[in-house]
Amino acid sequence: MKRFLRLLGKDLEASKLPILFNSGLSIVWIAFLRYRYEAGWSLGMVFILMTIPLTFLPIWLMWQTYQTLRTEWREKTTYTLLLLPIPGWQITLSKWTALLIEFTIVLAALVGSALLFFLGPINEYYGSFLQAVPLTWFLRNGFLLYLGALATFSSFIILVQLAFIVSKLVGRFRGLAALWTLLLATWLVERVGIILDPLFRWLPPIHIEQLFRLDVIAQYTNYTPEIAYHYSAEVGSWLATLGLFLLSSWLLENWIETDD
Amino acid sequence: MTDQKYIVEIAGLRKRYPGVDALDGIDLKITRGEIWGLLGPNGSGKSTLLKCIAGLVKPDSGQVTINGSKPSRKTKSAVAFVPEIDHLYNWMTVQQTLNFISAFYDDWQKEREQELLEFMKLDPRKKVSTLSKGMRARLKLVVGLSRNSELVLLDEPLSGIDPSSRDRIVEGIVRQFRSEKQTMILSTHAVDETERLYDSVIFLSEGRVHISGSAEELRIKHSKSMNELFKEVYA
């Protein structure tokens, strides 16, 4: 555990600048929107524009996943990493964890600054609604959405890590190899999900309206949907993703060379 | 069957890179408790051979064993490899580098680390990125020699170090070597400065072993110093 934490600390320290830059950019963007709101833009439009950084986050995360590994190779620090007497999964897991922490910090900066800068307008327009619905409802659902995002982005990170590592196994056309691996791995994860779907049908469905406690806001929406979410195919896909994570860790430990 | 006399055993080792045979059928047995000189000009395969032993490069054919085991996570605990290239994190300070790497090795000697830092005149607060090439070479040696590892592999340890400091570095290597517990393989083409270190030598040429054996026996047999023999072989 001590060794893993050392690796994680190193990966987080190395990502300090991207975290500061993206968090700062998010805060500046929200501050700019607040300024434009004061200048006459509608609150609805401002809220839509606020989500722009959210759409960039997955792309940034995939890019950052590739970059963290690429930097190790470019700066020859792979020698240090691959000489350590540790299993490959500790290296890939520490990078995976660091990236999810990065995502969490940037998301927190975005949401935090949005609440800070727009507390006044939100209170003005939605004050009665906010007073009627308990704060815990927002916190709970916000946390559930965050967990959902983490689960999705975790898979992205694993697939990109695999693509990068496989590209280092070939001597030429590494960019193409990475791209093809990413596409094939994505297809494989989906196919395995479909194939294994019948095996996990016994799992009880998740009732979305219960999970998110939609009854609390039913009186405001006049609509209480009943959505039973069957996730048997997703379980198969998660297992395939886990398998690909173990594969990339094994390749890193046993087949990757430092020489380019 | 593993022979306790030898720490490294290499048989039929081949490694090919596009357009060049880096290693072309190497057979070697490295005796325990000695300092071995791995000598040869640039491109003779010295670094590739050391990387194969360290487990950083996979051979195309043939076999390397360390204490009877193929290079793996297990053998990495017993091997300290100091590569020629700068492989340390630039954004770390000297002390952060040592703290980071030491966490992974049970055989790390904290007192020896401090002794070596002083001997190499390294400031622990300095960032790796601000160190000169020579100072980075010294730091790499501190990383490699602070451990009680069974096998120490030094790839061109004097590379980048100014000629006036080389004797001191060689002295540092000798001081830290524990012949009863350690074996060292030192690759270099600066033979004159390191000659006094070697118990045995390997002359590599175009990925093949040209000469190998006891340094003293070779000196007597050829009536030449290692440096003279090196010049003759690679003339």
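Biologist: Which accessibility range counts as partly exposed here?

Modeller: Happy to start there, with the reminder that this is a predicted model. Buried is under 20% relative accessible area and exposed is over 50%. What lies in between is called partly exposed.

Biologist: Thanks! Is A:L179 buried, exposed or partly exposed?

Modeller: A:L179 sits in helix α8 of chain A, which covers residues 174-196. Its relative accessibility is 48%, so A:L179 counts as partly exposed.

Biologist: What is the area of the nonpolar surface patch that includes A:L179?

Modeller: The patch takes in A:L179 together with A:F173, A:L176, A:W180, A:L183, A:L184, A:W187 and A:L188. Patch residues need over 30% relative accessible area, and A:L179 has 48%. The patch comes to about 900 Å².

Biologist: Let's turn to the two chains. How much area is buried between chain B and chain A?

Modeller: The size of an interface is often given as the accessible area lost when the parts come together. Here the contact draws 27 residues from chain A and 26 residues from chain B. Carbon and sulfur atoms give 62% of the buried area, which is about 2,600 Å².

Biologist: Which residue of chain B meets A:E253 in a salt bridge?

Modeller: Three salt bridges are found across the interface. In one of them, the N to O distance is 3.0 Å, against a cut-off of 4 Å. The partner of A:E253 is B:R73.

Biologist: And which element gives the largest share of the side of chain B that touches chain A?

Modeller: At least two residues each come from β1 (6-17), α1 (46-54), α2 (73-76) and α3 (94-102) of chain B. The largest share is three residues, and it comes from α3(B).

Definitions and conventions. Residues numbered from 1 in each chain as written. Chains lettered and ligands numbered in written order. Predicted model: local features only at pLDDT ≥ 70, side-chain atom pairs only at ≥ 80, totals over all residues. Heavy atoms only, no water. Patch = residues over 30% accessible without salt bridge, like charges linked within 9 Å, V, L, I, M, F, W, Y side chains within 5 Å. Areas by Shrake-Rupley, 256 points an atom, 1.4 Å probe, with all protein chains shown as cover. Salt bridge = Lys/Arg side-chain N within 4 Å of Asp/Glu carboxyl O. Helix = DSSP H or I, 4+ residues; strand = E, 2+ residues; numbered from the N terminus. Buried < 20%, exposed > 50% of the residue type's maximum accessible area, 1.4 Å probe, protein only. Contact = heavy atoms within 4.5 Å. Buried area = accessible area lost by both parts, 1.4 Å probe.
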